[in-house]
Amino acid sequence: MKRKKGRVLFVPTICATAIAFMLTTTIGSPAAHADEYIVTPNPLGLEVRSAVLIDADTGQVLYSVDADTPHPPASMTKLMTEYLVLEEISAGRLSMTDMVTATKEAASIPPDGSQIYLAEGDQHTVKDLYMAMAVQSANDATIALADRIGGTEQGFVQKMNDMAKTLGLKTAHFTSATGLADDTVISAGELAKFASILIKKHPEFLEFSSTPSYKFRERDKTPMINLNWMLESNKDIPNFKQYAYPGVDGMKTGYIGAAGYCFTGTAKRGDLRLISVVMDTKSKSARFVQTAKLFDYGFDNFEKKTVVAPKSVVETNKTVKIKKGVSKEVPIVTANDISFLVKKNTTPNVSVSSVKLKPDGELVAPIKSGTVVGTATYAYKDPDTGKAIEKTVNLVTAEDVKKASWWRLMFRSLGGFISDIFKGIINLF
């Protein structure tokens, strides 16, 4: 293999296909999607066309390689399908115990893709089909669920694109529920963003994506084996232990000729969860090797650091005015802390970029301690990229403010009236 101007040239080999994946013949086998395998040059030396690493909590980008260019995501497309199924369940329109009848379309998946060999009319629970989709990336199970929700696959695809638009995924364009179509595209950056949305809104997804094996039918001789070799639970499995990575509990592999070998992964250590995407690597094993490089970089070099403690005072806005209170103003503080993911052993450069308070006259006593009166936005300047990363926190009252008596309010009003007259007289001279 040789590189020239960021490109790696190789001659693909033909590897045997298998029902799930043939462990003895597919580990490390090269991609067969192009005669010219493209690597985008990058400091970490990742052998990928596109990649990104983000903090799952904030979306902060820690490392990227051509992360804004849309590429075919292959079966990573199923993350959107999985999301929409969970949305239907959350809305009460579907349940994991509902029976789904396999359509003709679901039973007509080409034999060269991952599947569980559904026959038209077969009935299985949503849970079983979801497991087949999450664990083995079964295309026929995916189509069966898509048909149940969208009426047809294309009806479901419309829902996928509508959801992408709602979530602000500008590079996403779906043409299939499975990712088998090479005109489905999304950028690595937005795929990572979406993965973060998925596990935040539906944390139960990780229960499916972290399942190492699952027996789809009682009569099946062997269970489905999770295509994600990086699962921490694989640390004692001979065929996978070299790829098992501490903290990995998801998410989705992918491969078609136009996409190469892809993987969206996530790993958690302590209170830090990272999400990675690699697109167009050269083999099944390479996608995990390149992902491990990203995770190593993230966990080795970054830490969460609290830069603003809870109940901190914003120096430029220590109080807010109150109408009809015993006091005319009340101290305000941050409702909670602010943390950023920063390089280890560094002092982050953080500043208040903006403060927004409720207009004068809107806050009227009595007011309890902890009442939200505005927001403060803090900005952290990334020393590597120069980009400002912002977080916003609520500002709340630090103490109760009782309503003033009518007697106090009357004298306060008279005092203001007399003061205005006095100032007017002074201005005459």
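Biologist: Is Arg273 buried or exposed?
Modeller: This is a predicted model, and in it Arg273 counts as buried because its relative accessibility is 15%, under the 20% cut-off.
Biologist: Which residue forms a salt bridge with Arg273?
Modeller: Asp249 does, and the closest N and O atoms are 3.0 Å apart. The pair links distant parts of the chain, with Arg273 in strand β14 (residues 272-281) and Asp249 in strand β12 (residues 248-256), 24 residues apart.
Biologist: And Asp249, buried or exposed?
Modeller: Asp249 is buried as well, at 18% relative accessibility.
Biologist: Why would such side chains pair?
Modeller: Side chains of opposite charge can pair when their charged atoms come close.
Biologist: How many salt bridges does the count come to?
Modeller: The count comes to 10 salt bridges.
Biologist: What does Asp57 form a salt bridge with?
Modeller: With Lys304, where the closest N and O atoms are 3.5 Å apart. This pair also links distant parts of the chain: Asp57 lies in the loop between β4 (50-55) and β5 (61-65), Lys304 lies in strand β15 (residues 302-308), and they are 247 residues apart.
Biologist: What do Asp57 and Lys304 count as, by relative accessibility?
Modeller: Asp57 counts as partly exposed, at 42% relative accessibility. Lys304 is also partly exposed, at 30%.
Biologist: What about Glu303, which residue does it form a salt bridge with?
Modeller: Glu303 pairs with Lys305, and their closest N and O atoms are 3.8 Å apart. Glu303 is partly exposed, with a relative accessible area of 27%, and Lys305 is partly exposed at 25%.
Biologist: Changing topic to the sheet. In what order do the strands of the open sheet come?
Modeller: The order is β16-β17-β21-β20-β19, which makes 5 strands, and the pairing is antiparallel.
Biologist: Which strands stand at the edges?
Modeller: β16 (319-321) and β19 (350-357) do. Each has a single partner strand, so one side of each has no neighbour in the sheet.
Biologist: What does the twist average from one strand to the next?
Modeller: The twist averages 35° from one strand to the next.
Biologist: Back to β16. How many bridges join it to β17?
Modeller: There are 3 bridges between β16 and strand β17 (residues 329-334), and the two run antiparallel.
Biologist: Which residue in β17 does Val320 stand opposite?
Modeller: Val320 stands opposite Val330.

Conventions. Residues numbered from 1 in each chain as written. Predicted model: local features only at pLDDT ≥ 70, side-chain atom pairs only at ≥ 80, totals over all residues. Heavy atoms only, no water. Salt bridge = Lys/Arg side-chain N within 4 Å of Asp/Glu carboxyl O. Helix = DSSP H or I, 4+ residues; strand = E, 2+ residues; numbered from the N terminus. Buried < 20%, exposed > 50% of the residue type's maximum accessible area, 1.4 Å probe, protein only. Pairing = 2+ DSSP bridges. Axes fitted to C-alpha atoms, helices over the stretch in contact; angles between N-to-C directions.
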